[in-house]
Amino acid sequence: MHGKRTTIDAVEIMHQLYIKGDPEKLARLEEEGVNFEISLHVYDLRTSGGQTQEEFGEIAGVDPRVIDDLEVADYEGDSLAMLARIEKATLPHISALNFPVKGVYPNALVGATLTGLRLRCLRYLPHRQGTDDPTAPFTTLRFNMETLQGRQYTAGELAPWLHVLKMNRQELNMFALAKMTAWSHLAGGLLVKCSGDPSEYMHAVDTHTQLIRAAIYYLEVGEQTAFKQWQQDIGPEEEERYIAELKGALRDRAFVELPDTEWLTQTLIAFVAHIPHF
């Protein structure tokens, strides 16, 4: 534990000394982060179909050396523009899973789950609490306020989603910067096509993130402040749409292959229903 804390502190100290407050260095760091994300995405896109760089370059209509440069984050041109070109060329060749999901909110959760799978942040364990069926590990667990242990457990299960949604938003921002209206998520053999305005998906991710933070805060301190702020920010009409979309996705069994997403959806709905409106 102490070693990990020291490492984190060292990173923070380096950031304070050499990066924070320097707009040029911050911009360069952000650009490098985007290029790294692009490199992972292009690599996943190519290897998901088992193609060599030469084969993938032929499908995408670009020189294989460009593919190599992108994959090592060393492309000297406009990486976002090239990513958009590759996505457009390769999307018809992608054999994607067809999730019967409707509505921007459940679609954003599907995208977050796939991002999380790639990052190995979500855990598929058959012995999860509240489960009798090992093939569907999250279907019986609900928002638990009955005991201190239940509250702590639920808060712990919610916490990893904040990181997953953060990464998902970064990926969506990358697509938005490249002016994409269609893209693919890839994760460990799972592929899914997405389309629409990325900014709408980012709004949905922000909505999920704020509500999860409010739920964790309530579980830890028993105060409704953060939840009331979420309701105020989203507004009653959008809140009604939000819940309707999530309930519809559950009813249509949209998350049957993504049990973490099903668990999160059930938990968020239960949390909203648990706390009285102000």
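Okay, which residues in helix H9 (residues 225–234) are buried? Before I get to that, a reminder that we're looking at a predicted model.

So, H9. The buried ones are Phe-227, Trp-230, Gln-231 and Ile-234. Look at where they sit around the helix: they span an arc of only 95° around the axis, so they end up on the same side of H9. If you want the background, an α-helix has 3.6 residues a turn, so residues three or four places apart point the same way. Now turn to the face pointing away from that buried side, and you'll find Thr-225 and Gln-232, both exposed. And just past the end of H9 there's Gly-235, which has a positive phi of about 85°.

H3 covers residues 53–60 and H4 covers residues 64–71. Their axes come within 8 Å and cross at roughly 110°. Angles from 65 to 115 degrees count as roughly perpendicular, so that's what we call H3 and H4.

Who's touching whom? On the H3 side it's Gln-53, Glu-54, Phe-56 and Gly-57, and they meet Pro-64, Ile-67, Asp-68 and Glu-71 of H4. By type, that contact has three nonpolar residues, two polar and three charged.

Last stop, Val-72. You'll find Val-72 in the loop between H4 and helix H5, which is 79–90. Buried or exposed? With a relative accessible area of 52%, Val-72 is exposed; the cut-off for that is over 50%. Val-72 also sits 8.8 Å from Leu-40, C-alpha to C-alpha, though the two are 32 residues apart in sequence.

Note on methods. Residues are numbered from 1 along each chain as its sequence is written. This is a predicted model: local features need pLDDT of at least 70, side-chain atom pairs count only at pLDDT 80 or more; totals for chains, interfaces and linings use all residues. Side-chain values use heavy atoms; hydrogens and water are left out. Axes are lines fitted to C-alpha atoms, for helices over the stretch in contact, and angles run from 0 to 180 degrees between N-to-C directions. Helices (H or I, at least four residues) and strands (E, at least two) are DSSP runs, numbered from the N terminus. Angles under 35 degrees count as roughly parallel, over 145 as roughly antiparallel, 65 to 115 as roughly perpendicular and the rest as oblique. Contact means heavy atoms within 4.5 Å. Ala, Val, Leu, Ile, Met, Phe, Trp, Tyr, Cys and Pro count as nonpolar, Asp, Glu, Lys and Arg as charged, and the others, Gly among them, as polar. Buried means under 20% relative accessible area, exposed over 50%, partly exposed in between (1.4 Å probe, protein chains only). The arc is that of the directions from the helix axis to the C-beta atoms.
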